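Please look over the structure below before reading on. The report then takes it part by part.

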Protein chains: 2
Amino acid sequence: MVEQVSTDPVDPRVTRSRRLIIEAAVALLVERGFGAATVEAISARSGVAKTTIYRHWPDKEAVLRSAVESIVPTATAPDTGRLRGDLTHFAEDLARILTTPPTSALIPGLVAAAEHDPGLGLLLAEFTAGRRRPVHDAVARAVERGEISAGTDPEAVAELLLGPLFYRRLLSRMPLTTEMIGRTVEAVERTLARPSR
Amino acid sequence: MVEQVSTDPVDPRVTRSRRLIIEAAVALLVERGFGAATVEAISARSGVAKTTIYRHWPDKEAVLRSAVESIVPTATAPDTGRLRGDLTHFAEDLARILTTPPTSALIPGLVAAAEHDPGLGLLLAEFTAGRRRPVHDAVARAVERGEISAGTDPEAVAELLLGPLFYRRLLSRMPLTTEMIGRTVEAVERTLARPSR
DNA sequence: AACTAACGCTACGATACCGTATCGTAGCAT
DNA sequence: ATGCTACGATACGGTATCGTAGCGTTAGTT
């Protein structure tokens with residue numbers, strides 16, 4: 001009996017359709033929010049028939065989940081050798097995500113939609129957890145280097161750094177300037193205790 | 001000619017209808033979000049005829065704005081005589097707003113709706129600005145008392161304090177414990193410079 | 001070239017809304 | 001008691017969605 005490998009129902013038409021659909025869904029989400037991301041709008045924008053959309057996804061929510069998944073960025077975390085540098089890199093990366101499409105426009109809607117849609121809630125939770133991990137790593141490296149106390153709570157550091165950035169984007173709606181980012185990183189650093197030996 | 005004072009078209013039926021409508025709208029917003037707050041649902045829930053709703057508001061958005069306005073809390077700002085105390089009071093007040101209905105359930109939806117509805121955007125902006133003001137005041141008092149440097153940026157302090165709290169509620173969805181609040185207030189304080197004389 | 005799977009198109013049925021119109025009723029004021 | 005005003009009930013017309021069905025067409029596959 002031939003091994004039925006799980007891959008390769010790769011009809012190029014299928015991959016093409018899926019790609020066009022997701023691209024259109026993302027564009028609509030970004031430009032006009034969750035409310036405007038309707039199946040018919042996705043069909044019109046992608047040039048793919050509505051029927052075909054339902055051939056690949058069971059319902060609208062599934063399409064939107066795929067669209068959101070397709071643009072969740074992975075956090076970058078360069079090791080600059082100093083806590084200040086690590087945190088700055090990280091904060092600037094987050095600021096980019098918060099201020100440039102497609103992610104920029106998506107996050108507010110995602111936050112609200114997650115409140116009543118468990119599937120999207122899971123996506124959001126994964127996204128934010130992934131966002132905090134590089135901070136944890138940076139803190140761990142700083143502890144190893146003896147920059148900061150071993151008792152430092154990495155989660156607290158992450159919250160202090162991420163919180164103000166998200167706050168600007170979602171609540172106060174003020175611009176995320178490099179000046180503000182630098183100031184926040186410095187503030188977070190002043191928070192931390194030097195190692196006691 | 002009798003002075004036609006601008007007040008008192010207070011037919012008790014009117015006030016009663018308005019009250020029932022707003023109560024129902026708030027309940028729907030809180031329990032099931034902006035998407036479920038439809039005019040027909042408000043009518044059904046309030047027992048007030050849909051016609052009557054349109055007799056008092058021009059359209060659905062206006063009703064929802066009134067509903068949101070009706071539950072926007074004003075920020076409290078007691079003067080405890082110490083920055084630590086002021087900030088703690090304030091943070092705990094905000095934590096309550098973020099974790100107890102009706103405001104708790106409303107904020108995520110409001111954040112998203114504000115993205116595409118200028119009217120609600122204005123409401124959100126006013127809400128957040130009002131939230132930061134007590135922090136500004138507390139910082140000003142602390143400067144006067146000589147607790148902290150006169151060069152302290154009150155806006156930066158507000159962001160550092162509010163950001164992590166909102167972050168927990170909206171993004172990481174972890175509980176807002178008094179322990180976490182205390183830790184955050186302490187961190188914000190460590191950020192601040194003593195006055196140079 | 002023939003077969004097959006994916007696709008496009010059009011048309012539906014079913015809801016769910018919005019906002020308006022009509023008309024009769026009930027409550028308030030005087 | 002009488003008039004005015006708000007209200008309730010119902011019914012609309014109009015849109016916008018969702019998700020499905022039928023059927024012919026196209027593009028890969030072999």
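Predicted model: local features only at pLDDT ≥ 70, side-chain atom pairs only at ≥ 80, totals over all residues.

## A buried residue in chain B

A residue is buried if 20 or more other C-beta atoms lie within 10 Å of its own. Val68(B) has 25 C-beta neighbours inside 10 Å, so it counts as buried. It is found in helix α4 of chain B.

What does Val68(B) touch, leaving aside its neighbours within four places in sequence? Its contacts are Leu106(B), Leu110(B), Leu120(B) and Leu123(B). Leu98(B) is 30 residues from Val68(B) in sequence, and the two C-alpha atoms are 15 Å apart in space.

## α4 against α7 in chain B

Two packed helices are described by the angle between their axes and the distance between the axes. Helix α4 (residues 60-71) of chain B packs with helix α7 (residues 118-145) of chain B at an angle of about 10°. Their axes are 10 Å apart. α4(B) and α7(B) are therefore roughly parallel to each other.

Val68(B) takes part in this contact, along with Glu61(B), Arg65(B) and Glu69(B) of α4(B). From α7(B) come Gly119(B), Leu120(B) and Leu123(B). By class, the residues of this contact are three nonpolar, one polar and three charged.

## Helix α1 of chain B

α1(B) has 21 residues. From its first C-alpha to its last it reaches 30 Å, close to the 30 Å expected at 1.5 Å a residue. Gly33(B) follows α1(B) and has a positive phi, near 85°.

Which residues of α1(B) are buried? They are Ile21(B), Ile22(B), Ala24(B), Ala25(B), Val26(B), Leu28(B) and Leu29(B). What covers them includes α2 (39-46), α3, α4 and α6 (103-116) of chain B.

## Where the two protein chains meet

Chain B has 26 residues in contact with 26 residues of chain A. On the chain B side, α6, α7, α8 and α9 (178-191) each supply at least two residues. The largest share, eleven residues, comes from α8(B). That side of chain B has 13 nonpolar, seven polar and six charged residues.

Helix α8 (residues 154-172) of chain A also packs with helix α8 (residues 154-172) of chain B. The angle is about 85°, and the axes are 7 Å apart. That makes α8(A) roughly perpendicular to α8(B). Residues of α8(A) in the contact include Leu160(A), Gly163(A), Phe166(A) and Tyr167(A). Among those of α8(B) are Leu160(B), Gly163(B), Phe166(B) and Tyr167(B). The residues of this contact divide into 14 nonpolar, two polar and three charged.

## Around the DNA strands

How many residues surround DNA strand C? There are 21, and the closest are Ser17(A), Thr51(A), Thr52(A), Val39(B) and Asp59(B). The surface near DNA strand C has seven nonpolar, five polar and nine charged residues.

DNA strand D has 21 residues around it. Val39(A), Asp59(A), Lys60(A), Ser17(B) and Thr52(B) come nearest. At least two residues each come from α1 (12-36), α2 (39-46) and α3 (50-56) of chain A, and from α1 (12-32) and α3 (50-56) of chain B. α3(B) gives the largest share of the surface near DNA strand D, four residues. By class, this surface has six nonpolar, five polar and ten charged residues.

## Backbone features in the loops

Most residues other than glycine have a negative phi, and most peptide bonds are trans. Some places in this model depart from that. In chain A, a cis peptide bond joins Pro101(A) and Pro102(A), with omega about 0°. Pro102(A) lies in the loop between α5 (83-99) and α6 (103-116) of chain A. In chain B, a cis peptide bond joins Pro101(B) and Pro102(B), again with omega about 0°. Pro102(B) is in the loop between α5 (83-99) and α6 of chain B.

Arg173(A) has a positive phi, near 60°, though it is not a glycine. It sits in the loop between α8 and α9 (178-191) of chain A. With 15 C-beta neighbours inside 10 Å, Arg173(A) counts as partly exposed. Arg173(B) has a positive phi of about 60°. Its place is in the loop between α8 and α9 of chain B. Arg173(B) has 15 C-beta neighbours inside 10 Å and so counts as partly exposed.

Definitions and conventions. Residues numbered from 1 in each chain as written. Chains lettered and ligands numbered in written order. Axes fitted to C-alpha atoms, helices over the stretch in contact; angles between N-to-C directions. Parallel < 35°, antiparallel > 145°, perpendicular 65-115°, else oblique. Contact = placed C-beta atoms within 7 Å. Nonpolar A, V, L, I, M, F, W, Y, C, P; charged D, E, K, R; others polar. Near = placed C-beta within 6 Å. Expected span 1.5 Å × (residues − 1). Buried ≥ 20, exposed ≤ 12 C-beta atoms within 10 Å, placed from the backbone.
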